[in-house]
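Let's take a friendly walk through this model together. Please keep the sequence and the structure open as you read.

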Amino acid sequence: MHPLVMIALVAAVTLFGRALPTWTLSLATIAASNALISLGIVVLARTGNVSFGQGLFFAAGGYGVALIANAWGLTDAVAQVIVGAACGGLLGLVIGPLIARYSGIFFGMLTLALSMVFYGALVKTTALGGSDGFNVGRPSLFGMSFTDPREADFMLYAVSVIVTGFAGIAATILFRSEFGLASLAVRENNLRVEYLGLSANRIVSINFAIAAVFAGASGAFALMAQRHIDPQFAYWTTSGEFVFVAVLAGNQSVAAVFVASMALELVRSFSNLYLPNTWQLVLGIFLLGVILFLPRGIGSLWIRDRRKRRTAADVPLAAERGAAS
Amino acid sequence: MNPVLSVRGLEKRFGAVVAADALTVDIPAGRKISLIGANGAGKTTFVNMVTGYLKPDSGTILLDGTDIGRRSPRSTARLGISRSFQIPQLFVELTAAENLAVAISGTGTRMSLRAPAEAQGRRDAAVELLERFGLADQADRPISELAGGVRKLIDIAMALVRRPKLLLLDEPTSGVSAEEKFKTMDRVIHAVAPDAATIVFVDHDMEIVSRYADRVVAFYQGRILADGIPAEVLNNQEVRRYVTGGAR
């Protein structure tokens with residue numbers, strides 16, 4: 001899809017919010033926020049690495065914004081998103097190069113461990129409210145405050161859809177770029193990438209930092225939606241939820257991340273409403289269904305990937321990496 | 001003629017196994033040199049040390065006078081050493097042109113996060129390289145759909161992208177039928193000639209070695225058993241006994 005068409009689509013979805021009922025606005029805001037962080041996981045997954053600890057950057061973004069908002073009265077929604085993205089991104093720039101040399105399960109476990117260390121530190125830090133966290137004020141936009149709840153919800157919906165939409169456009173451009181292709185190459189054979197004169201670690205680190213920026217911005221949205229932050233932002237189940245969305249979406253389509261996030265929120269809300277005691281069961285069955293019938297994710301519904309034609313004979317090739325020598 | 005690669009006293013042990021025992025050899029520029037030896041003789045260990053995949057226990061490896069013994073594969077690639085692999089190391093989910101596009105990205109100083117991967121200039125360069133190997137019609141096919149022999153050629157094409165000073169080919173004709181091996185090797189030599197000044201190839205096929213090599217280095221148990229022109233080395237009694245088994 002051409003970027004201009006995508007921009008038009010983002011504008012249309014934003015304006016469509018005017019027609020949506022209020023309860024749907026907050027649902028869509030959460031879905032857009034979750035899609036943003038899950039998009040980062042998909043960006044990183046293209047290098048063959050999955051982060052089970054994006055909650056770390058989600059919390060870093062959220063806490064960073066909350067602290068600055070309370071200390072200096074920064075309430076502007078756009079400024080808060082920028083601060084959140086910067087906090088997540090800076091942390092990602094520090095951590096990325098340190099863990100880029102690991103791969104597979106070690107990479108995933110390291111990210112999980114780091115997020116849990118952060119969670120533990122937050123719980124024990126009374127200055128940050130400990131396990132209870134603390135509250136922040138209602139966000140404004142370009143000097144306008146929104147006292148009407150529906151207008152406030154629409155403002156947040158609009159900002160989250162626009163930011164997430166532009167992140168999606170940026171990710172689409174990235175996926176098609178020279179760097180995006182090299183990222184796929186790292187996933188397939190990082191040793192060969194090195195033999196071609198490229199740094200696999202640098203490619204993973206940059207993707208990691210991009211994912212952290214998205215996670216930090218997403219943390220800012222979650223904070224604005226709840227107007228409260230606590231260590232749960234960094235907890236492993238929170239991170240797991242984002243991986244859940246990424247798995248549902250697959251890594252073939254940026255749009256799939258938004259569809260998966262919205263689908264998950266709808267399934268969760270309705271199953272919570274009609275089956276309050278067994279909603280997790282419904283959620284689990286939903287995920288099983290997607291894995292069973294759409295193993296390459298929701299995106300495979302509209303992306304007919306040439307990689308589907310991969311023959312079974314190629315599967316052992318990955319095991320041969322380096323064996324040539 | 002000054003050697004492009006100069007190896008002195010190179011040693012490498014894996015526990016009790018001596019994979020390289022005081023190897024000393026000069027590789028002159030502009031030649032085609034074949035490394036021969038039985039399995040486990042130390043040929044691939046030598047290639048792995050020269051390309052930075054393995055660090056030698058001792059000894060020096062000089063590329064045009066620069067010590068590269070402790071450098072990484074990425075660094076040696078950037079200094080001008082490229083290699084292909086016995087089992088082609090390709091990105092099987094990508095097309096042939098995309099594989100070469102990744103290799104072309106490696107020649108730049110920085111990669112673009114915005115410029116399309118298959119920008120016309122990059123694609124043209126990839127197709128031109130495939131053309132040299134007679135594979136232009138395979139450009140848009142995923143590697144997973146290609147036969148082993150074609151993969152081997154693409155693997156070599158990727159190594160050639162950097163226009164290396166020294167190109168190391170690990171068994172370029174292995175897995176190719178007896179009828180096709182000379183045709184394949186002719187294609188490789190023809191395609192490689194404009195860009196790679198010096199070629200070192202590992203091979204077990206003595207017909208290929210005697211036909212294409214200017215010089216042969218025979219390995220046995222981590223040592224160099226013989227080093228010279230093909231006719232001399234392949235008729236050497238020790239080489240016939242330990243390496244070729246009398247085969248010519």
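## The nonpolar core

A nonpolar core is a set of buried Ala, Val, Leu, Ile, Met, Phe, Trp, Tyr and Cys residues joined through C-beta atoms within 7 Å. Here, buried means that 20 or more other C-beta atoms, placed from the backbone, lie within 10 Å of a residue's own. In this predicted model, the largest such core has 171 residues, and Leu100(B) and Ala218(B) touch the most other members. Helix α8 (residues 200–226) of chain A supplies the largest share of this core, 18 residues; helices are DSSP runs of H or I with at least four residues, strands are runs of E with at least two, and both are numbered from the N terminus.

Beyond its neighbours within four places in sequence, Ala218(B) is in contact (C-beta atoms placed from the backbone, within 7 Å) with Ile36(B), Gly37(B), Ile224(B), Leu225(B), Ala226(B), Val233(B), Val239(B) and Val243(B).

## Where the chains meet

Chain B brings 38 residues to the contact and chain A brings 33 residues. On the side of chain B that touches chain A, α3(B) gives the most, with five residues. By class, that side has 19 nonpolar, ten polar and nine charged residues. Nonpolar here covers Ala, Val, Leu, Ile, Met, Phe, Trp, Tyr, Cys and Pro, charged covers Asp, Glu, Lys and Arg, and the others, Gly among them, are polar.

## Confidence and conventions

The model scores ipTM 0.89 and pTM 0.87.

Residues are numbered from 1 along each chain as its sequence is written, while chains are lettered from A and ligands numbered from 1 in the order in which they are written. As this is a predicted model, local features need pLDDT of at least 70 and side-chain atom pairs count only at pLDDT 80 or more, whereas totals for chains, interfaces and linings use all residues.

Notes
A residue is buried if 20 or more other C-beta atoms lie within 10 Å of its own, exposed if 12 or fewer, and partly exposed in between; C-beta atoms are placed from the backbone. Two residues are in contact if their C-beta atoms, placed from the backbone, lie within 7 Å.
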